[in-house]
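Subject: Structure handover

Hi,

Here is the structure you asked about. Please open it alongside this note; my findings follow below.

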2 protein chains.
Amino acid sequence: MDSKQNNKITSRNTDFAKWYTDVVVAAKLASYSNTKGCIVFEPNGYALWESMRNILDQKFKETGHTNVYMPLLIPENLLRKEAELVKGFAPEVAWVTEGGDKKLEERLCIRPTSETVFSDYFASSISSYRDLPKLYNQWCSVLRWEKETRPFLRSREFLWQEGHTIHETKEEAEAETLNMLNIYNNFFHEYLAIPSIVGKKTEKEKFAGAEYTYTVEALMYNGVALQSGTSHYFGQKFSKAYGIKYTNRENKLDYPYQTSWGVSTRMIGALIMVHSDDYGLVLPPKIAPKKVVIIPITDTLEVLSLANDYLDKLTKEGISAYIDSSGKSPGFKFAEAEVNGIPVRIEIGKRDLDKGVVTLVRRDTREKREVFTDTDIVRDVKILLDDIQRDMYDRALRRREEMTYTCTDLEDFKDIINSHPGFIRAMWCGDAKCEEKIKEIRGCKSRCIPFNEEKISDKCIVCGKEAKNLVIWGIQY
Amino acid sequence: MDSKQNNKITSRNTDFAKWYTDVVVAAKLASYSNTKGCIVFEPNGYALWESMRNILDQKFKETGHTNVYMPLLIPENLLRKEAELVKGFAPEVAWVTEGGDKKLEERLCIRPTSETVFSDYFASSISSYRDLPKLYNQWCSVLRWEKETRPFLRSREFLWQEGHTIHETKEEAEAETLNMLNIYNNFFHEYLAIPSIVGKKTEKEKFAGAEYTYTVEALMYNGVALQSGTSHYFGQKFSKAYGIKYTNRENKLDYPYQTSWGVSTRMIGALIMVHSDDYGLVLPPKIAPKKVVIIPITDTLEVLSLANDYLDKLTKEGISAYIDSSGKSPGFKFAEAEVNGIPVRIEIGKRDLDKGVVTLVRRDTREKREVFTDTDIVRDVKILLDDIQRDMYDRALRRREEMTYTCTDLEDFKDIINSHPGFIRAMWCGDAKCEEKIKEIRGCKSRCIPFNEEKISDKCIVCGKEAKNLVIWGIQY
């Protein structure tokens, strides 16, 4: 542990924003850098990203995607080919204007997203239906010139993956858009223990340049919504703007259909804000880079040899574990394991050993339990890890359900947002003006039109005219 | 296979430079982009990089290193703190001068390398000997404004890893510098099947800002040398320039010692230029993303079922294999497997099956061998992969030895470089002026002062004065 570390964490219920940054710093996930608006991903934060990346990368590959890497810099003329995209991103890009001690003839922007370069590549590499589909993904960093930044949630530079695919038919591209949304949604449920809601963005909230956008929306502990992943269907917009033509099966020139989809290090922010507490980080076991910490309370031979025995057994079973053998006090080690969110802690003390027991502590509830030393430690730990994973999801789901309101009256809507925000389910006529009206309530926005719509009223909550969709609304990060 | 592909590869002995780019394109490793000097890493090229990254990442982690991620952009004042580094890199960086539609008050450069940001981070995060050592690594892309570019060998943007470590003592930092060099060297031998030479760079050739630089040097098929990895010892240069101070064990303020080390996608270029041939890529099995291709020559049930049986067996044993079930002709499939450098090809034909045999083809020598269908295919393939790996190394070593010359006379030296370049072992007095004289011979440079020096003469090959070191010389990429 660094000598500079200070584990003092503001209470989550006192000041949520301060609590959040305290956890980020105390758990050594990230620190501020001297590049304005950019953070340093410290070992614990980066390991968490690696853990997410490894799981998702496997899921992408299992579904036929391959990784590629496109240039970081995009010539201005290339960026400008798709009008909506450029309108959406041009105000927030960084421009390279000098290189090798010379002023450049054309500005190059640092990629805020790579639809343009992928489309340009597709235009030069695709000519026949035999070249389709291409199912590509890229792990990289992107840059957006944000004014207000917060670690992981909104940073000028962040890490992400961006999938870019191109298909012969509309149907195939639409199926891909939905499949990738489902992969994200499953990842949130199964690994991050976050009960996400999926649906379609409204026209106003969709990605610049997309025909439509699917989104994964999650609700944080404080009732604020976080857009946590998106999957876009482009139709032929980019293929027309970038001149991607191919000879189809009827031997005619045609434009293919495209998609893109991405999740980012913002998921680390979601993990913190859904699960963590006043003692620091709480990580779902399936995503925790280190799942078990073994803490010898004394330095006696018997204690250390049992610790090593446990480490061996756990490691052999593929459960990532380590012994905290630093010279610090047991209390200090316990606190450190807690602040870092290690799901299970095994405490081995001499006095306990004399009684034939060791203590298992689960990080999420901080419950302690004694188990006999001759127990099957691997089995016990596995059961505990499964319990933690399931319980964390269940608790998060319960909390989300408690904070999800159904509204048919605008005054009720305002009351909820002003007193105890959360997700609000309310009917909408489809008019952007009504969305604007809602936005006047503390910036509340439509999160999505969920897939399994259920009519709760016939009238738009704003104008009272005929309702078209059930929409989930919420204040956002 | 893309319909646009054209597998015509210029002969290696006719035009080596053209052959190289032909192989890059034909094996679909990379293609040119519309961002000048930057390439697109296509699926095959990126998979090769992933393969290298996965192996090295594990070696780094096994030796106690953890991954982090630092900002892409470096404020100009931060870059300028270490005078030698800035002199070395300032002429070849790209500058961001506009962001979010505004001109910036201070230019930001895109990292050409990250000593500056790591040092700045260390300055703010280290205060006691208890914080040391820090053993960090970063996988990222970097940018250098090169004028002449060639795929993988010299590109404005390239992918690499940069390790940055900081230590209490000189001894520890120097040991780290050497350890990482050894990890690289072993990786070249064991995985890339490239017999590298390691040693110290001369003062003139060392990294800007380093006290000294170790290097991994490899010799390409055409006798040209490629600097393939470097490990730098910085002493206290950066800690003094960036004000990294810590309280040592005597409770006094002191400056720590630093190192950095890196290898890049240039290794892909080395792989091509050492091993590949006129039929395309040749990959050492240990680094090949796909080790075996199974090609059914007919579509009969018996053939396809054996193909699937083999695939199952190989996959279960962790040998990455696939069936080429495209509708193309067998000859086309064979050629594609060759151009892509798949180490082992299994051909299954109906007529062969009637005889109870299948054909194994090794890519490196293109030798074919029939094996009985009831053979243990996994064992046979494993032996063959091991043979290929070993033989590729042996051949590369033999070639390097044939192209390594020992010289004591400058005229001989010139003759060799002018007629059939390679590594030249020659004595040197240590004077940079003599190095300059050598450089006049087709740009020939000192590659390194190898560790196990062997005096071959008492005199400097240039000035005839007392020789200090044996130096390996060569023309470089």
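Two strands count as paired if DSSP finds at least two bridges between them. By that rule, strand 5 of chain A pairs with strand 5 (residues 94-99) of chain B. The pairing is antiparallel and runs over five bridges. Within it, A:E98 stands opposite B:W95. One caution before you go on: this is a predicted model.

The interface

The contact draws 49 residues from chain A and 50 residues from chain B. On the chain A side, strand 5 (residues 94-99) gives the largest share, six residues. What is the make-up of the side of chain A that touches chain B, by nonpolar, polar and charged residues? There are 24 nonpolar, 14 polar and 11 charged residues.

Helix 9 of chain A

This helix covers residues 301-316, 16 residues in total. From first C-alpha to last it reaches 22 Å, close to the 22 Å expected at 1.5 Å a residue. A:A307, A:Y310 and A:L314 are buried in helix 9. Seen down the helix axis, the buried residues fall within an arc of 65 degrees, so they line one face. They pack against strand 15 (292-296), strand 16 (321-323), strand 17 (344-348) and helix 12 (377-402) of chain A. The face turned away from the buried side carries the exposed residues A:L301, A:S305, A:D312 and A:K316. Just after helix 9, A:G318 takes a positive phi of about 75 degrees.

Helix 12 of chain B

Helix 12 of chain B (residues 377-402) has 26 residues. At 1.5 Å a residue it should span 38 Å. Its end C-alpha atoms are 37 Å apart, which agrees. Which residues of helix 12 of chain B are buried? They are B:I377, B:V381, B:L384, B:L385, B:I388, B:Q389, B:M392, B:Y393, B:A396 and B:R400.

Best wishes

Technical notes. Residues numbered from 1 in each chain as written. Chains lettered and ligands numbered in written order. Predicted model: local features only at pLDDT ≥ 70, side-chain atom pairs only at ≥ 80, totals over all residues. Contact = placed C-beta atoms within 7 Å. Helix = DSSP H or I, 4+ residues; strand = E, 2+ residues; numbered from the N terminus. Nonpolar A, V, L, I, M, F, W, Y, C, P; charged D, E, K, R; others polar. Expected span 1.5 Å × (residues − 1). Buried ≥ 20, exposed ≤ 12 C-beta atoms within 10 Å, placed from the backbone. Arc of directions from axis to C-beta.
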